[in-house]
Amino acid sequence: MNRIAHLFDTLKQKREKALIGFVTAGDPDMATSLAVCRDMCRSGLDLLELGIAFSDPTADGPVIQRSSQRALRQGMTPANVMEMVAALRRDIETPIVLFSYYNPIFAYGVKRFYGDAVNAGADGVLIVDLPPEESSEMTDQWPTPPRLSLIRLIAPTTPDERIRTIAARAEGFLYLVSKTGVTGSAGLQGDTVEENVHRLRQYTKLPVCVGFGISTVADVARIAKQADGVVIGSAFERIIEEAVSRQEESTLPMLLAAQTSAYKAATR
């Protein structure tokens, strides 16, 4: 059993939901980013989404866009992200999912990406702009069965027949986008999320995790009642951005760890 499946089995036995946190690898610099990730995992983060900085994101809002720019200015590349994963894996067993767009993976080489990610200790990959019909271009170059789970996204506007197609090819868990718009945008609607989680469960036995627009402890508590996991990205990156603006990067591991603990408590 891989780390992602083991995580959801363990949480189910404990009657807890997964806290999934996104951070952009190398933001604001590699050393600080490593310290932040380690402390978040040790403070209750159940699964780490490690973002590969990309210059032309389409799904990310301004907060995560700026985090990518900071990481790129530090010279972060997919190869550096693999180094981060390997360094984290020496200290933590938390599942790690790489979050990317397809262009960086294609440029890196899809076969090389798989081998390096698995050898570093990654457990999955989420590629925002790669539809199921096109993903065989990548997965055909992976061994069978792959050791890297390909996480799939479902939008709130996805029709039922399309959900059936996507869910049939999903691995690890299904990522339900809470609302239309980009990451970090306001307007979380709990009732709509509940309806969509219920609709999605008709087509999959995989865990259903909800992200986009979740920022407060109250948000986490509400979504955790409906879904198997809660994904938070912009709220974590906003803390990083504010500390950078105050030139207080040294406080980031402590700040992110404290916020992680608060969110985790709301998933129980």
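Helix 2 passes helix 12 in a right-handed crossing, that is, with the near helix turned clockwise from the far one by less than a right angle. This is a predicted model, where local features need pLDDT of at least 70 and side-chain atom pairs count only at pLDDT 80 or more, while totals for chains, interfaces and linings use all residues. Residues are numbered from 1 along each chain as its sequence is written, and side-chain values use heavy atoms, with hydrogens and water left out.

Helix 2 (residues 30-42) and helix 12 (residues 252-265) pack at an angle of about 30°, with axes 8 Å apart. That makes helix 2 roughly parallel to helix 12 (angles under 35 degrees count as such). Axes here are lines fitted to C-alpha atoms, for helices over the stretch in contact, and angles run from 0 to 180 degrees between N-to-C directions. Helices are DSSP runs of H or I with at least four residues, strands are E runs of at least two, and both are numbered from the N terminus.

On the helix 2 side, T32, A35, V36, D39 and M40 meet L252, P253, L256, A257 and T260 of helix 12, contact meaning heavy atoms within 4.5 Å. Sorted by class, this contact has seven nonpolar, two polar and one charged residues (Ala, Val, Leu, Ile, Met, Phe, Trp, Tyr, Cys and Pro count as nonpolar, Asp, Glu, Lys and Arg as charged, and the others, Gly among them, as polar).

As for the strands, eight of them close into a barrel in the order 1-2-3-4-5-6-7-8, with parallel pairing; strands pair if DSSP finds at least two bridges between them.

Methods
Parallel < 35°, antiparallel > 145°, perpendicular 65-115°, else oblique.
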